[in-house]
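Please consult the sequence and the structure below alongside the text.

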Amino acid sequence: MDNRAGEMDVFVRVVETGNFSEAARQLNITPSNISKLIGRLEERLGVRLLERSTRRLSLTAEGRRYYERSQGLLAELDDIERDVSRGAAASGGVVRVTSSVGFATVAVEPLLPQFWALYPNIVVDLSLSDEIVDLYLDRTDVAFRIGNLGDSSLTSAKLGTAQRRVVASPAYLREHGVPQNLQDLKNHRCLGFNFRRSKQISAPRTSRRIWDYSPGAILLGNNGESVRRMTVMGMGIAQLGEYHIRDELRSGALVEILQHEVDGDTEDLHALFMGGERLPHRVRAFLDFMTPRLRTFLDDATQTSR
């Protein structure tokens with residue numbers, strides 16, 4: 001494959017550093033590879049570009065001309081790429097995003113006004129579901145996924161780890177009492193989930209979901225937000241991600257129970273996407289904006305709980 005721009009970049013770096021070793025270090029290749037590349041370049045051009053000695057490198061007249069022209073061409077290439085990149089950002093496009101309902105509600109959606117302030121022409125097509133979504137079939141660009149990741153050709157970026165807490169409302173606990181262990185849950189109403197992802201997550205000590213202990217479960221919801229709302233209403237006991245109930249724990253709307261039984265029960269959160277490094281600008285802009293802010297959000301939730 002013709003890579004004359006790459007050859008020019010190497011040659012310019014050699015001239016500007018004054019030796020093969022430093023140029024090799026900056027380019028993360030070996031000095032011998034640089035020497036071979038310069039040799040092939042000189043052979044193709046039919047001229048000598050560098051005079052080599054044990055102490056220093058010096059440019060020939062042809063080498064100086066090649067260096068000066070290469071500098072100009074590389075600078076023009078950078079200008080072209082910046083112009084295309086700015087054009088991509090300005091033209092915008094659609095970023096198709098999927099997320100669990102709870103995570104989107106408390107973490108993703110509050111960040112969207114700031115994102116649109118920077119990228120007003122990028123449309124975020126946001127779908128909320130606690131079910132696992134096939135990015136290929138659903139033509140999804142980014143998925144915020146909670147729990148264990150299966151084998152996949154998708155690229156993932158870990159956002160953080162969240163503790164899962166067992167909680168109930170003060171009103172529920174006053175009426176039904178406070179369970180002292182997981183076995184006590186057989187006398188309580190537990191609010192659970194019916195989606196596939198819940199089967200992949202379990203507490204390290206119990207290896208079970210809390211609603212498995214309660215024959216009196218009255219709700220199996222398909223999203224965490226519904227379960228959270230019903231818990232706040234005093235309908236039962238639930239096991240939810242700490243990031244999802246941070247405000248309720250602070251305000252006292254929910255109370256944590258059974259800490260000694262499920263301490264260390266965590267779930268990882270990731271951003272999944274297709275394309276690796278060759279992402280469309282709109283998708284890269286979305287990920288570059290969201291990823292550090294979501295990591296800070298989850299880190300703040302972890303620090304608050306300590």
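Leucine 258 counts as buried because its relative accessibility is 2%; buried means under 20% relative accessible area, exposed over 50% and partly exposed in between, with a 1.4 Å probe and protein chains only. The model is predicted, so local features need pLDDT of at least 70 and side-chain atom pairs count only at pLDDT 80 or more, while totals for chains, interfaces and linings use all residues. Residues are numbered from 1 along each chain as its sequence is written, and side-chain values use heavy atoms, with hydrogens and water left out.

- Leucine 258 is located in the loop between strand E10 (255-257) and helix H10 (259-262); helices (H or I, at least four residues) and strands (E, at least two) are DSSP runs, numbered from the N terminus.
- The phi of leucine 258 is positive, near 60°, although the residue is other than glycine.
- Asparagine 28, also not a glycine, has a positive phi of about 60°.
- The loop between helix H2 (20-27) and helix H3 (31-45) holds asparagine 28, which counts as exposed at 71% relative accessibility.

**Overall composition**

- The protein contains 11 helices and 11 strands.
- Of its 306 residues, 42% count as buried.
- Its accessible surface is about 16400 Å², and carbon and sulfur atoms make up 47% of that area; accessible areas come from the Shrake-Rupley method with a 1.4 Å probe, and for residues only the protein chains shown count as cover.
- Among contacts with a separation of 6 or more, 76% are between residues 24 or more positions apart; contact means heavy atoms within 4.5 Å.

**Nonpolar cores**

- The largest nonpolar core comprises 31 residues, and Phe103, Phe144, Phe286, Met290 and Leu294 have the most contacts inside it. Such a core is a set of buried Ala, Val, Leu, Ile, Met, Phe, Trp, Tyr and Cys residues joined through side-chain atoms within 4.5 Å.
- At least two residues of this core come from each of several elements, including strand E3 (93-99), helix H5 (101-108), helix H6 (112-118), strand E6 (155-168) and helix H11 (281-305).
- Helix H11 gives the most to this core, with 9 residues.
- Another core, of 18 residues, lies apart from it and includes Ala24, Ile34, Leu37 and Leu49.
- Beyond its neighbours within four places in sequence, phenylalanine 286 contacts Val95, Val97, Leu112, Phe115, Val124, Val142 and Phe144.
- Leucine 112 belongs to helix H6 and counts as buried at 7% relative accessibility.
- Residues up to four places away aside, leucine 112 touches Val124, Leu126, Phe286 and Met290.
- Leucine 112 and phenylalanine 286 are 174 residues apart along the chain, and their C-alpha atoms are separated by 9.7 Å.

**Aromatic pairs**

- The structure has 7 aromatic pairs; rings of Phe, Tyr and Trp (its six-membered ring) pair if their centres lie within 6.5 Å, and planes under 30 degrees apart count as stacked, over 60 as edge-to-face and the rest as tilted.
- Phenylalanine 103 and tyrosine 243 make an edge-to-face pair, at 5.5 Å centre to centre and 90° between the planes.
- Because phenylalanine 103 lies in helix H5 and tyrosine 243 in the loop between strand E9 (237-241) and helix H9 (246-251), this pair ties together parts that are 140 residues apart in sequence.
- Phenylalanine 103 and tyrosine 243 are both buried.
- The ring centres of phenylalanine 115 and phenylalanine 289 are 5.5 Å apart with planes at 65°, so this pair is edge-to-face.
- Phenylalanine 115 in helix H6 and phenylalanine 289 in helix H11 are 174 residues apart, and their pair links distant parts of the chain.
- Phenylalanine 115 is buried at 0% relative accessible area, and phenylalanine 289 counts as buried at 4%.
- Ring pairs join Phe103, Phe115, Tyr119, Phe144, Tyr243, Phe286 and Phe289 into a cluster.

**Helix H8 and glutamate 225**

- Helix H8 (residues 224-232) has Gly224, Glu225, Val227, Arg228 and Thr231 buried.
- These buried residues fall within an arc of 160° seen down the axis of H8, so they line one face of the helix; the arc is that of the directions from the helix axis to the C-beta atoms.
- Glutamate 225 counts as buried at 9% relative accessibility.
- The side chains of glutamate 225 and histidine 244 are joined by a polar contact of 2.8 Å. A polar contact is a pair of N or O atoms within 3.5 Å; within protein, one must be able to donate a hydrogen and the other to accept it, and residues adjacent in sequence count only if both atoms are side-chain atoms.
- Glycine 234, which follows H8, has a positive phi near 85°.
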